[in-house]
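Take a look at the model below. Then use this briefing to find your way around a few of its features.

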Amino acid sequence: MKRLIDILAPFVLLAVLLGIWEAACRILELPPYFLPPPSQVAGEIVTENALLFASAWNTLLMALKALVVASLLATGIAISVAMNQTMEKAVRPLAVALQVTPVVAIAPQVVIWAGLEHPDRAIIALATIVAFFPIFSGALTGLKASDRDLERLFDLYGATKWQRLWRLRIPSALPFLLEGHKVAGGLALIGAVVAEFVAGSGGAQGLAWRILEASNRLQTAKSFAAVIILAIMGAVLYAALSYGEKAILKRLRGS
Amino acid sequence: MATARLTAVEVDYPGRGRALGPFDLTVNPGEIVAIVGPSGCGKSTALRLLAGLEDPTRGAVERTPGRGETSVVFQAPTLMPWASARTNVALPFELAGTPKGQARADADAALERVGLADAVDAKPAQLSGGMAMRVSIARALVTQPKLLLMDEPFAALDEITRRALGDDIHRLWDDTKPAIVFVTHNVEEAVYMAHRVVAMSAAPGRVHMTADVPGELPRAPHFRTTTEFRNIVETISDAMADTMSAVA
């Protein structure tokens, strides 16, 4: 019974809040461009579902492509850098600089580099930059997190640099890498949306464009509908990555 | 010819000062030596010198075992959590480039000798503390080392398990007679395990006293209740209490 209440509690709260919102809109007779009632937003999701889901799909694809590119780049660079302390010291400040650079500040230039006819490429590149750091940082930490006595054992048995990397460092880094990917997945999605906003072009046909388009036309309900779909997509992506992380770790450790 | 010898070794760690020495120790072939001493006296440092994993700041280290002929068992089982018991035990062979089939067969045989024939495919997280330590011991013995170094291997185990493992070590030692250096902070365990007990003083560790333990290895049943066992334990404990009070 207690469990059931725990599961239901967030939904009940949500229903109450939506009820207050709905009631407020009706009682105060707010114009829909100012604040549409939730029923109207839900209606938009239903009637515009083909367009909204196609846009969501485009955004998700761009985010996932960025995640794959960021994963390959960050893991590859982290591994080659971790082999050499001087390299690591040289690269880390650059990576941090990239991390603290707001994506909106560099987006217009990246759009120009990618070519105005290819906004999707610019969006993927920008989302990649955002997703790069958590994976890179996790990989660097993980590659140095191997057990000290295991390292000694590898010394004792005369392991080569490559044996140490493949048999000790990379497997030890895996939990950190998975955690990094989980964080990076959400960031890639946000990065893709922000980048599409700044690109200000309908060429990529993602959710951000739906939001922009709808707000410009004062179709507030439709813009809210797009935001809600984005939120659900982010939550599902995070849940999927969390599940993948747990499943891989469980398989790895056998419990 | 001694298996390993430390002559007047001293180890200084930057920022921490002297960790060990001057310290002398000779380990003869087929001999079990126990080093007993208070925490932080440099026991583990001495072991790393014997393993060739560290160099002394001053003094000389002589070792006759070649590559792959020294094994170490640490306080924790120190297993790769992502690998099965078999893969963990086969690690020394894999790193040496032994063919996989041979490595697996030898690993399975080593696991059988420590009583884990049924657990070859288990991952470390699925093993109890005692079983994980057995896997660690199997990995150390699989290469048939000339020198086996054990750094407080039973410290994290309960009394029943540590007694059983102690007798197992003697039985396994009896097969190939490697020289063993067994580090512990437990005087009774040191006397039970070894031909010779070296008691160290508090940091920086030096040899405080050495005692030869009579009796056969593996130990006869109820060796712990004999008078000579009790006498040596008391002598060493008293001597160590003296060094501790001198420090305190």
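The points below go through a helix, a surface patch and some backbone details.

This is a predicted model. Chain A is represented here by helix H1. From chain B come a buried alanine, a cis peptide bond and two residues with positive phi.

**The helix of chain A**

- Helix H1 of chain A covers residues 2-28, which makes 27 residues.
- From its first C-alpha to its last, H1 of chain A reaches 38 Å. That is close to the 39 Å expected at 1.5 Å a residue.
- H1(A) bends by about 40 degrees at A:Leu8. A proline, A:Pro10, follows within four residues.
- After H1(A) comes A:Glu29. The phi of A:Glu29 is positive, near 50 degrees.

**A nonpolar patch on the surface**

- A nonpolar patch lies on the surface, and its members include A:Met1, A:Leu4, A:Ile5, A:Ile7 and A:Leu8.
- Also among them are A:Phe11, A:Val12, A:Leu13, A:Val16, A:Leu17 and A:Ile20.
- Together the patch residues have about 1,100 Å² of accessible area.
- A:Phe11 lies in helix H1 of chain A. Is A:Phe11 buried or exposed? A:Phe11 counts as exposed because its relative accessibility is 56%, and the cut-off for exposed is over 50%.

**A buried alanine in chain B**

- B:Ala239 sits in helix H7 of chain B, which spans residues 227-247.
- B:Ala239 counts as buried because its relative accessibility is 14%. Buried means under 20%.
- Which residues does B:Ala239 touch, not counting those up to four places away in sequence? They are B:His208 and B:Met209.
- B:Ser44 is 195 residues from B:Ala239 in sequence. In space, the two are 21 Å apart, C-alpha to C-alpha.

**Backbone details in chain B**

- The peptide bond from B:Leu217 to B:Pro218 is cis, with omega near -5 degrees.
- Where is B:Pro218 found? B:Pro218 is in the loop between strand S9 (207-212) and H7 of chain B.
- B:Ala8 has a positive phi, near 50 degrees, although B:Ala8 is a residue other than glycine. B:Ala8 belongs to strand S1 of chain B, residues 4-13.
- B:Ala8 counts as partly exposed, because its relative accessibility is 35%.
- B:Gln144 is a residue other than glycine with a positive phi, near 50 degrees. B:Gln144 is placed in the loop between helix H4 (129-141) and strand S6 (147-151) of chain B.

Terms used: Residues numbered from 1 in each chain as written. Chains lettered and ligands numbered in written order. Predicted model: local features only at pLDDT ≥ 70, side-chain atom pairs only at ≥ 80, totals over all residues. Heavy atoms only, no water. Helix = DSSP H or I, 4+ residues; strand = E, 2+ residues; numbered from the N terminus. Expected span 1.5 Å × (residues − 1). Bend = angle between axes of the 7 residues up to and from the residue. Patch = residues over 30% accessible without salt bridge, like charges linked within 9 Å, V, L, I, M, F, W, Y side chains within 5 Å. Areas by Shrake-Rupley, 256 points an atom, 1.4 Å probe, with all protein chains shown as cover. Salt bridge = Lys/Arg side-chain N within 4 Å of Asp/Glu carboxyl O. Buried < 20%, exposed > 50% of the residue type's maximum accessible area, 1.4 Å probe, protein only. Contact = heavy atoms within 4.5 Å.
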